[in-house]
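Good morning. Please bring up the model, and let's talk about aromatic rings.

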Amino acid sequence: MFLYVGLALYLDIGKVSKTTFRIHYWTVPLILTPITIDILLLAFRFHRLLRVLDFNIPMKKSILIYFIGLSFAITPISAGQILRSQIIKKEFDYAFSKTSPILLFEKWSELAAVLVILVALAIVNLMLESIFIIIAGTALVLVFFAIMRNRGLLFLFFKKTTTRFRRLRKFEASIENSQESLKKLASRRVVLLEGFIITIPAQMLQAIAVFLVFQMIGVKIDFVASTQVYFTSIVAGILSFIPGGLVVAEGGMLALLAKYYYNYELALLVSAVIFVRLFTFWYATLFGVITGLITYRGFLTAKGKLDA
């Protein structure tokens, strides 16, 4: 909120406010519909991945657990969503180390799906910044795929990201269990295909919502361009490893819009960026927070009854 208010104040909060008041808010349900379906599709994917690893968790519970994890999306590469594995451990007594790798696989498949979309769009509309992001993003996707498939690389990854190797040894068994789950997810062609079958349409729904936000604000750009601007900025935010891609994603989006659509007022473009992030990232986060407040209390009640 400080970021968005500060940006509006820096430019001209009066002009930003005027553009906000001119918005046709009757289009809001049209924007929220594809975003909500996107969340539901990814929640269903989470349930399917649990089943692939032979975890027998009811669909309703697994989807609700996924929703709770969304409230921790504002962490580097959404690592805070690992909370889901802790809930599963408490509720169903499945090892944390065996369910937590699902998060890495999800983030990998989402990044890979976005890159596939960007490559397809680059054929239609060449955007230099998008090409650079595709190259950097592809390198990251290949590195993480190798880590998921190779036990030695996984241990090397943990060694480099842990301050002391002695602390890593304490988690050696957990890391080995994690690698088994990762290898199982990354080795099956059906799983990879299933991940893309669900993830690519989910990402496209998000792109549709972004396009509708631009139209609602009054920035009349076509679907291909709006999707390129949005996903290029989002991948840049992911590559920065900043929580939620904050500042990088917003700054990248604004810079691309200002470069290619300079005929629009800067205040209007700022409003477009703010609303795109509100309707995508922050809507999903709020969705998770509300679900967590309602559902997690239910989990605790059910647990208490079970103990009794």
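Predicted model: local features only at pLDDT ≥ 70, side-chain atom pairs only at ≥ 80, totals over all residues.

Residues are numbered from 1 along each chain as its sequence is written, and side-chain values use heavy atoms, leaving out hydrogens and water.

How many aromatic pairs does a search of the whole structure find? It finds 11. Rings of Phe, Tyr and Trp (its six-membered ring) pair if their centres lie within 6.5 Å; planes under 30 degrees apart are stacked, over 60 edge-to-face, the rest tilted.

Take Phe46 and Tyr66. This pair is tilted, with 5.9 Å centre to centre and 40 degrees between the planes. Phe46 sits in helix H3 (residues 28–52), Tyr66 in helix H4 (residues 59–70). Helices here are DSSP runs of H or I, at least four residues, numbered from the N terminus.

Buried or partly exposed? Buried means under 20% relative accessible area, exposed over 50%, partly exposed in between (1.4 Å probe, protein chains only). Phe46 is buried at 2%. Tyr66 is buried too, at 4%.

Next, Trp108 and Phe196. They are edge-to-face: 6.1 Å centre to centre, 70 degrees between the planes. Trp108 is buried at 10%. Phe196 is partly exposed at 23%. Ring pairs also link Phe105, Trp108, Phe145 and Phe196 into a cluster.

Last, a charge. The charged end of Arg277 sits over the ring of Phe281, 5.0 Å from its centre. That term needs NZ of Lys or CZ of Arg within 6 Å of the ring centre and within 35 degrees of the ring normal.

Methods:
Helix = DSSP H or I, 4+ residues; strand = E, 2+ residues; numbered from the N terminus.
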